[in-house]
Amino acid sequence: MQIIKYDPKYYEQAKDYQFEDDTFASHPIVLLERYKNKANIEIFIGLNEEVMVAFGILDFSQNRLVYTDQQKSVLIRGLSVEENQRGKGYSRQLMKYLIDYVQQKCSEISEIVLAVETENEVGKQLYRSLNFIDNGRRLMGRSGEQQAWYLKVGNEG
């Protein structure tokens with residue numbers, strides 16, 4: 001899988017992205033509409049043979065402070081893999097890419113945070129395997145309780 005910053009030429013593919021169950025994440029087209037012109041947002045997509053198969057956002061806005069008190073943080077949000085592409089390791093590849101991207105290009109960042117639904121055992125297993133830690137903070141999301149998790153990076157990681 002090749003990971004790139006989102007380009008509007010992939011908008012039609014985003015509309016066709018197979019994503020029926022939005023229990024744990026919103027459909028990429030919903031997120032593109034919400035965040036496409038927002039400052040402090042970087043959108044990434046995963047491509048397999050030029051077809052969009054994965055999606056994720058780095059959110060440097062103040063929204064991250066709902067999940068952490070760390071000012072030097074970034075929030076990963078909207079991570080998803082197209083339904084017929086699951087089980088191929090794309091979530092792990094995208095997460096590793098985002099972590100590496102933050103470590104290499106955002107030297108001021110010392111913590112990556114994310115929210116995972118309490119019921120999302122697959123997601124929690126992935127984040128745990130990448131050394132994310134549950135920080136104990138609980139919030140109500142659109143699908144129920146969410147847990148805030150973090151990963152220390154950079155000089156403080």
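This is a predicted model: local features need pLDDT of at least 70, side-chain atom pairs count only at pLDDT 80 or more; totals for chains, interfaces and linings use all residues.
Start with Lys-5: its bridge partner in strand β2 is Phe-44. Residues are numbered from 1 along each chain as its sequence is written, and side-chain values use heavy atoms, with hydrogens and water left out.

Some terms. Strands (E, at least two residues) and helices (H or I, at least four) are DSSP runs, numbered from the N terminus. Two strands pair if DSSP finds at least two bridges between them.

Now the strands. β1 covers residues 2-5 and runs antiparallel to β2, with 4 bridges joining them. β2 also joins β3, residues 51-59, through 8 bridges, again antiparallel. Across that pairing, Glu-42 stands opposite Leu-58, and Ile-41 stands opposite Asp-59. The hairpin of β2 and β3 has 2 residues between the strands, and there Glu-49 takes a positive phi near 55°. β3 then pairs with β4, residues 73-81, in the antiparallel sense over 5 bridges. Asp-59 turns up here too, opposite Leu-75 in β4.

How enclosed is β2, residues 41-48? Buried means under 20% relative accessible area, exposed means over 50%, and partly exposed is in between (1.4 Å probe, protein chains only). In β2, 7 of the 8 residues are buried, so the rest of the structure largely encloses this strand. β3 is mostly covered, with 8 of its 9 residues buried.

Next, charges. A salt bridge is a side-chain nitrogen of Lys or Arg within 4 Å of a carboxyl oxygen of Asp or Glu. How many salt bridges does a search of the whole structure find? The search finds 8. Here are some of them.

Asp-59 forms a salt bridge with Arg-77, the closest N and O atoms being 3.4 Å apart. Asp-59 lies in β3 and Arg-77 in β4, so this pair ties together parts 18 residues apart in sequence. Asp-59 is buried at 0% relative accessibility. Arg-77 is buried as well, at 16%.

Glu-12 forms a salt bridge with Lys-15, with the closest N and O atoms 3.5 Å apart. They are 3 residues apart in helix α1, residues 11-16, which means about one helical turn separates them. Glu-12 is partly exposed at 47%, and Lys-15 is partly exposed at 44%.

Last, Glu-121 and Lys-124 meet in a salt bridge at 3.1 Å, N to O. Glu-121 counts as partly exposed at 49%, whereas Lys-124 is buried at 7%.
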